[in-house]
Amino acid sequence: MRTIRWGMIGCGDVTERKSGPGFAKAAHSQLVAVMRRNGALAADYARRHGVARWHDDADAIIGAPDIDAVYIATLTDSHREYALRCAAAGKPVYVEKPMGMNHAECLDMIAACRVAQVPLWVGYYRRALPRFLAVRDLLAAGAIGPVRMVLSRQFQRLPGAEAFAAGAVPWRVDPALSGGGFFFEAACHTFDFLDFLFGPVSEVRAFAANQAGAYRPEDTIAATYRFASGAYGSGTWCYAADFDEEDNEILGATGRIRFSTSAPVPIRILRGDAVEELPVGDPEHVHQPLIQTIVDELNGNGKCESTGESGARTAQVMDAILAEFRAQYC
């Protein structure tokens, strides 16, 4: 197998542990160069992570003849631009989530990569994590019988006052950079994994609001949805609560499965009063298993499950949930 040589655009927090080292540690994979507009920070990242070279210009990554594929790890507002530039250069693209600022941007990215005949993948890495594959396998084995519905919920405290000092706004709640608020930036992971389990969502009913007034985008959301496969779902998210809690529960005809999207806690299988716990930890670099599937696909061995098409479906669901709220503040 050939070694896939990666270039990385963006050297922010997600690349420090979650993703960046995975490109070097995956089999037949190498991180050749990194880029950040602040050259000093790019140089610092390269030095600390043992990357051979760094740049402060994305074209140096996109046009490099010794780079086979590009990982886009910038904020959401620039995903579309960089993906289109990579496609025009004939480079396969792996883009962070959320895939784009909205569903329309995702369709643009898919179209550009299709015309250029290069693959497009999205960083919904839970599709390859052992903990989430264990949930998939339990369902496939009939552990709780036919699935009736899935319930998701997340409650989270507001950021501390220091996050807003001197008029600052955290990028995750600046819709010009992130596309929305904490819900848009994080809950997409849950919806993408539910798509992985149950297939596309065919219908959505939702309410969203900003109740706390600490920032502009949504902080409280309630939604119900129907999957084309026949299962139903509902979720509640509040990012202005007085505690932190998050979980999902899949209800079947003969039992339930509880798991967390965000925390590597044991999976719980409940049948009546009986409770079974299945501890499955996450790897040190959570992107690495998905990166491995991309490298393998580029080498003609298998297929990565997190594609531009699946990422766009998740974006479409997020748009549908937030449509009414966005119409009020945009």
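**View A. Helices H9 (182-198) and H11 (308-329) at the lining of the largest cavity.** Each of these two helices supplies at least two residues of the lining, and H11 gives the largest share, three residues. The structure is a predicted model, in which local features need pLDDT of at least 70 and side-chain atom pairs count only at pLDDT 80 or more, while totals for chains, interfaces and linings use all residues. Residues are numbered from 1 along each chain as its sequence is written, and side-chain values use heavy atoms, with hydrogens and water left out. Helices (H or I, at least four residues) and strands (E, at least two) are DSSP runs, numbered from the N terminus. A cavity is a set of points on a 1 Å grid over the protein atoms alone where a 1.4 Å probe fits but cannot get out, and lining residues have an atom within 4 Å of a point.

**View B. The largest cavity and its surrounding residues, among them Pro98, Tyr124 and Asp319.** One cavity of 30 Å³ or more is counted in the model, and the volume of the largest cavity is about 50 Å³. A volume here is the space filled by probe spheres set on the grid points, which are joined across faces, edges and corners. The lining includes Met99, Gly100, Met101, Asn102 and His103, together with Phe184, Cys188, Ala315 and Met318. By type, the lining residues divide into eight nonpolar, three polar and one charged. In this division, Ala, Val, Leu, Ile, Met, Phe, Trp, Tyr, Cys and Pro count as nonpolar, Asp, Glu, Lys and Arg as charged, and the others, Gly among them, as polar.

**View C. The cis peptide bond between Lys97 and Pro98.** Omega is about -15° at this bond. Pro98 is placed in the loop between S5 and helix H6 (103-116), and Pro98 also belongs to the lining of the largest cavity.

**View D. An open sheet of six strands with parallel pairing.** The strands follow the order S3-S2-S1-S4-S5-S6; two strands pair if DSSP finds at least two bridges between them. Strand S3 (53-55) and strand S6 (120-122) stand at the edges with a single partner strand each, so one side of each has no neighbour in the sheet. Strand S5 (residues 93-95) runs parallel to S6 and is joined to S6 by three bridges. Within this pair, Val93 stands opposite Leu120.

**View E. An open sheet of eight strands with mixed pairing.** The order is S8-S9-S10-S7-S11-S12-S13-S14. S8 and strand S14 (274-278) are the edge strands, each with a single partner, so one side of each is left without a neighbour in the sheet. Strand S7 (residues 147-157) and strand S10 (residues 232-241) run parallel and share eight bridges, with Phe155 bridged to Cys238 of S10. Strand S13 (residues 267-271) and S14, in contrast, run antiparallel and share five bridges; here Arg268 faces Glu277.

**View F. The hairpin formed by S9 and S10.** These strands pair in the antiparallel sense over seven bridges, and Thr224 has Ser234 of S10 as its bridge partner. Four residues lie between the two strands, and Gly230 in the turn has a positive phi of about 115°. Gly213 is found in the loop between strand S8 (201-209) and strand S9 (220-227). Gly213 is exposed at 57% relative accessible area; buried means under 20%, exposed over 50%, and partly exposed in between (1.4 Å probe, protein chains only). Although 27 residues separate Gly213 from Ala240 in sequence, their C-alpha atoms are 9.3 Å apart in space.

**View G. His28 has a positive phi, as does Gln117.** Most residues other than glycine have a negative phi. His28 is not a glycine, yet its phi is about 60°; this residue lies in the loop between helix H2 (20-25) and strand S2 (29-35). His28 is partly exposed, with 35% relative accessible area. Gln117, also not a glycine, has a phi of about 60° and sits in the loop between H6 and S6. Gln117 counts as exposed at 73% relative accessibility.

**View H. The largest nonpolar core, with 94 residues.** Such a core is a set of buried Ala, Val, Leu, Ile, Met, Phe, Trp, Tyr and Cys residues joined through side-chain atoms within 4.5 Å. Trp6, Phe183 and Ile250 touch the most other members. Helix H9 gives the most to this core, with 11 residues.

How values were computed: 1 Å grid on protein atoms, 1.4 Å probe; cavity = no way out; pocket = protein on both sides within 12 Å on 5 of 7 lines; lining within 4 Å.
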